[in-house]
Amino acid sequence: MKQLVIFDLDGTLLNTIADLGNACNHALKLGGYSEHPLSAYNYMVGNGVRRLMERAASDASPEEIERLLAEFRKYYDDHCTDFTKPYPGIPELLGQLNQRGIRVAVASNKYQAAVDKIISHYFPDIPFATVHGERAGIPKKPDPSVVFAVLSDSPAPKASVMMVGDSAVDMETARRACVESVGVTWGFRPVSELRSAYADHIVSDTTQILDLALGKTLL
């Protein structure tokens, strides 16, 4: 049985794509750049908001990216819960893990203030062991430093840790941190990406995550 399950946030616990896309389009419009359809943002997110903005405004200068980022954050801070919602079964899964004594944590590339606001809004009753967003001095995923930071806050042997995410970034992070990886099919990226990233497990239902955490073999 696992002692700790570390979850990615966007595309794993929560469907955040509409709020992220709307905030990015708001900043792009103010800056005079072309907006993108929300579906395009599935392939832009995952590496933090700066990388998101660089992908959305690929011809912008570093100085302009800073201005766009400032507009993005102002808008997103006020609208990050407009359309975001948990994926089916996620609140129940988090509760079931806690009931069985399995700690849950978050490791996200989204900036910390937004992570804290979103987590407290959607999961007010879940006692997360620790919640890590983008922080100064800690490289973003797929660098494994965020996993080590989580383990510093909530120690557990690596063999008893599982990392759950929806993208190759998460699978590579788990591999580099030497912890078991679980890819979910309901997120922003296709199953082919998870397979190419050598996910240890690929699941299509939250009950499968609970089974893996309890040490059961998936059929």
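The model is predicted. An open sheet of six strands, paired in parallel, runs through the description. The largest nonpolar core has 55 residues. Three aromatic pairs are counted.

**The sheet**

- The strand order is S5-S4-S1-S6-S7-S8.
- S5 and S8 are the edge strands. Each has a single partner strand, so one side of each has no neighbour in the sheet.
- From one strand to the next, the twist averages 20 degrees.
- In general, strands of a sheet pair through backbone hydrogen bonds, either parallel or antiparallel.
- Helix H5, residues 112–122, packs on the sheet. H5 touches S4 (103–111) and S5. The direction of H5 makes about 135 degrees with that of S4.

**Strand S7 and its partners**

- S7 spans residues 180–184.
- Strand S6, residues 161–165, pairs with S7 in the parallel sense over four bridges. Within this pairing, Gly-165 stands opposite Gly-183 in S7.
- S7 and S8 also run parallel, joined by three bridges. Val-184 stands opposite Val-203 in S8.
- Four of the five residues of S7 are buried, so S7 is largely enclosed by the rest of the structure.

**The nonpolar cores**

- In soluble globular proteins, nonpolar side chains tend to be buried together.
- Which residues have the most contacts inside the largest core? They are Phe-7, Phe-72, Phe-123 and Ile-209.
- Helix H1, residues 17–31, gives the most to this core, with six residues.
- Another core lies apart from the largest one and has 14 residues. Among them are Leu-4, Leu-151, Ala-156 and Ala-177.
- Leaving aside residues up to four places away in sequence, Phe-7 touches several residues, including Leu-13, Leu-93, Leu-97 and Val-104. Val-164 and Ile-209 are also among its contacts.

**Around Phe-123**

- Phe-123 lies in the loop between H5 and S5.
- Is Phe-123 buried or exposed? Its relative accessible area is 3%, under the 20% cut-off, so Phe-123 counts as buried.
- Beyond residues up to four places away in sequence, Phe-123 touches Leu-13, Leu-14, Pro-86, Ile-90, Pro-91, Leu-94 and Phe-128.
- Pro-86 is 37 residues from Phe-123 along the chain. Their C-alpha atoms are separated by 9.0 Å.

**Aromatic rings**

- A pair of aromatic rings is described by the distance of the centres and the angle of the planes.
- Tyr-87 and Trp-186 have ring centres 6.4 Å apart and planes at 45 degrees, so the pair is tilted.
- What does this pair tie together? Tyr-87 lies in the loop between strand S3 (85–86) and helix H4 (90–99). Trp-186 lies in the loop between S7 and helix H8 (191–196). The pair therefore links parts that are 99 residues apart in sequence.
- Both Tyr-87 and Trp-186 are buried.
- Phe-123 and Phe-128 form an edge-to-face pair. Their centres are 6.1 Å apart, with 70 degrees between the planes.
- Phe-128 has a relative accessibility of 14% and counts as buried.
- A charge also meets a ring: the charged end of Arg-73 sits over the ring of Tyr-111, 4.4 Å from its centre.

**Backbone exceptions**

- Most residues other than glycine have a negative phi, and most peptide bonds are trans.
- Where is the cis peptide bond? It joins Lys-141 and Pro-142, with omega about 15 degrees. Pro-142 lies in the loop between S5 (130–134) and helix H6 (145–153).
- Cys-178 has a positive phi, near 65 degrees. Its place is in the loop between helix H7 (168–177) and S7. Cys-178 is exposed, at 55% relative accessible area.
- Tyr-198 is not a glycine, yet its phi is positive, about 60 degrees. Tyr-198 lies in the loop between H8 and S8 (201–203). Its relative accessibility is 68%, over the 50% cut-off, so Tyr-198 counts as exposed.

How values were computed: Residues are numbered from 1 along each chain as its sequence is written. This is a predicted model: local features need pLDDT of at least 70, side-chain atom pairs count only at pLDDT 80 or more; totals for chains, interfaces and linings use all residues. Side-chain values use heavy atoms; hydrogens and water are left out. A nonpolar core is a set of buried Ala, Val, Leu, Ile, Met, Phe, Trp, Tyr and Cys residues joined through side-chain atoms within 4.5 Å. Buried means under 20% relative accessible area, exposed over 50%, partly exposed in between (1.4 Å probe, protein chains only). Helices (H or I, at least four residues) and strands (E, at least two) are DSSP runs, numbered from the N terminus. Contact means heavy atoms within 4.5 Å. Rings of Phe, Tyr and Trp (its six-membered ring) pair if their centres lie within 6.5 Å; planes under 30 degrees apart count as stacked, over 60 as edge-to-face and the rest as tilted. A charge sits over a ring if NZ of Lys or CZ of Arg is within 6 Å of the ring centre and within 35 degrees of the ring normal. Two strands pair if DSSP finds at least two bridges between them. Axes are lines fitted to C-alpha atoms, for helices over the stretch in contact, and angles run from 0 to 180 degrees between N-to-C directions.
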